[in-house]
Amino acid sequence: MIRSLGRRTKFRTRGENFTVYISSRDQYRLDRVDFHFIAFPNSTSTINIDTTRKFQKMLGFGGAITDAVGINLKKLSQATSDQLMNQYYGPKGIGYRFARTVVASADFSTGPYSYNDVVDDFDMVNFNLTKEDYLYKIPYIKQAVSLSKQSNIDLKLFCTAWAPPGWMKTSGKMEGGAPMKGETTGPYYKAYATYYKRFFEEYAKEGIKFWGMTPTNEPREGQNADYKFQVVNFTSDQECDFVKYHLGPMLRANDATKDLTLLIGDENRYAFPDFADKCLGDPVTAPYVGGFAWHWYADEGISPEVIDQTMQKYPGYISLYTEACAGWHDYELSPVMGDWNRADQYAQNIIEDISHGIQGWVDWNIVLDPQGGPNWVKNFVDSPIIANYTVDEFIKQPMFYVLAHFSNFVLPDYTRVGFSSPSLDLEGVAFVAPDGAQRVLVLHNKNANTTGQYTIVDQARPTRFANVEIPPASIVTVVYSM
C-alpha cells in the first residue's frame, strides 16, 4: 500500500529515485511517495516508455473566469477568495497556464447583456463595458495574471462571445439560435468584428492583454431556434467568411490585437474537420488561423480519431480543448460533492484527448456555488471547486486533483512520447521535458475494485525498473530523471 508522505506539489527527482503522486477515490489527495529504481521487475505487467517516438508539444491546462466565478469569489471574504485563486494560479497552486473569459454575457451570468444595444450602431460608437466586467471579471483576471507572474508563468488569456448583440441577429435577441443578418460581406458581420475590436481595446486600457480568441462559442448550437441561452448560428462557411472579410484583417490592423492567436471552432468534435477544411482551404482565411478549439460535450459518441484526422491534415496548428465540465446532462445539472465518478470522467477524457494530439485542456468555471451556478437559465453544472459562502469556505472536488495531476507536472513544451499499457484497466500518457532528462507519466486505474501492480520500463534504460502499486479508482503521476 502506498502511504502518504505529505502533499507537496513541487517536484524534483535525482539519481536513482522516482517520485509518485497519487489521488484516489478512497484515501489520497495528491500525496507524495519517493521510491528507488531497482535492478529487477516485480510484475509481469510492464508499462513501456519509448522516448524515440515523439508526438505533440504540450501547452498546459487552465480554467475559465466567468461572471458566475466572480460572483462566487466576491461573496467570499477577501482572505478566502485569495486563497481560492492561489489554488489555481499561485506559486503553491496547481500551475494553470490558461484562463478563458467571456465577451459580455453567457449562461453563467445573471442574465443576457451585450456591450451595445443601440440598433444599427455599426461603428460601435455606444460600446461600453458593463458592471459585470468591472465587478466579476476584470479584478479576478488581473489577480490570475499577477499570481501567475509570481509563479514565473506567462498566463495565456483567451476569450469568446456567446453571441453578438441581438440586433445583429435575424431573431433580434442574443438568446436562441439564429444567424446574423445579411451577407457575410455585409455591415452586420463587420459590426461583430468591430464589437470584438472594441472589447480588446477597452480591456487593454485595464492593462489586460489577451493571448487568443475564438470567433464565437459553439456556433453549431445556433441551428436550434429554441436554444435556451446566448448563441449565434455560424456555419463553417460563415465563420470562415467572418474571419476572412472582417475579423482577421481588423485584428491584424490593431495594436491591441495584432498578435492574437485565433482558434476556430470552439465546438464539439462533430464540427471537425469541417471547420478546419473550410478555413484552411481558403488561402485568404488560412493565414489568420492559429489552430482549433474543441469542446468535450459530444465526446461520448464521437471517436477521438477525428482529432487525429484533423491534426494529420493540418500539422503545426494549435489544438486546444477550451471547455469541459461534469454534470451538464439534462438528468444531472448540479454538483455532486466528493464524487469520484466525475473525476474518472475527467481523467479518461484528458488522457484520451492528449493521446490523440491535443496540446492543452481548459476546464469551464473555476468555482461555482453548491447549486452549480449562478446561471440565468438554470443550466447548472459541477466545478473542481465549490464555494460555500454561507460559512466562508470552499471545497476542492476530486476533479480538482485530477486536473492537478496534469497541470502541475505536464509543463509547456513537454513532448508526449511513446506509451504502452499492459492492461485495459490502466490508461496513461507519458512526456519528456525539453532537456530530455525529466520524464512524467500520468496513469489512471479505471478498475474500481482492484489494485494494479506494474513495472515501468523506460527503453532509454531498459535494465532499470520502477515498480509501482496503483490502488483502485485512482490517478497517479510518476516523475523521474534519466
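Helices (H or I, at least four residues) and strands (E, at least two) are DSSP runs, numbered from the N terminus. Residues are numbered from 1 along each chain as its sequence is written. This is a predicted model, where local features need pLDDT of at least 70, side-chain atom pairs count only at pLDDT 80 or more, and totals for chains, interfaces and linings use all residues, while side-chain values use heavy atoms, with hydrogens and water left out.

Start with Asn 217, in the loop between β7 (212–213) and α5 (236–252). Asn 217 has a relative accessible area of 4%, and buried means under 20% (1.4 Å probe, protein chains only). Show its side chain together with that of Arg 100: the two make a polar contact at 2.9 Å (a pair of N or O atoms within 3.5 Å, one able to donate a hydrogen and the other to accept it). Among the other residues that Asn 217 touches are Trp 162, Asp 266, His 295 and Glu 323, a contact being heavy atoms within 4.5 Å.

Next, select residues 60–410. An unreviewed UniProt entry places "domain: Glycosyl hydrolase family 30 TIM-barrel" there, although such annotations may be inferred rather than shown by experiment. This stretch is 34% helix and 15% strand, with its end C-alpha atoms 7 Å apart.

Of its 125 residues, Tyr 89, Phe 199 and Phe 406 touch the most other members. Helix α4 (residues 187–205) gives the largest share, ten residues. Finish at a second, separate core of 22 residues, including Ile 22, Phe 37, Leu 426 and Val 476.

Note on methods: Core = buried A, V, L, I, M, F, W, Y, C linked by side-chain atoms within 4.5 Å. Buried < 20%, exposed > 50% of the residue type's maximum accessible area, 1.4 Å probe, protein only. Lists of a residue's contacts leave out its neighbours within four places in sequence.
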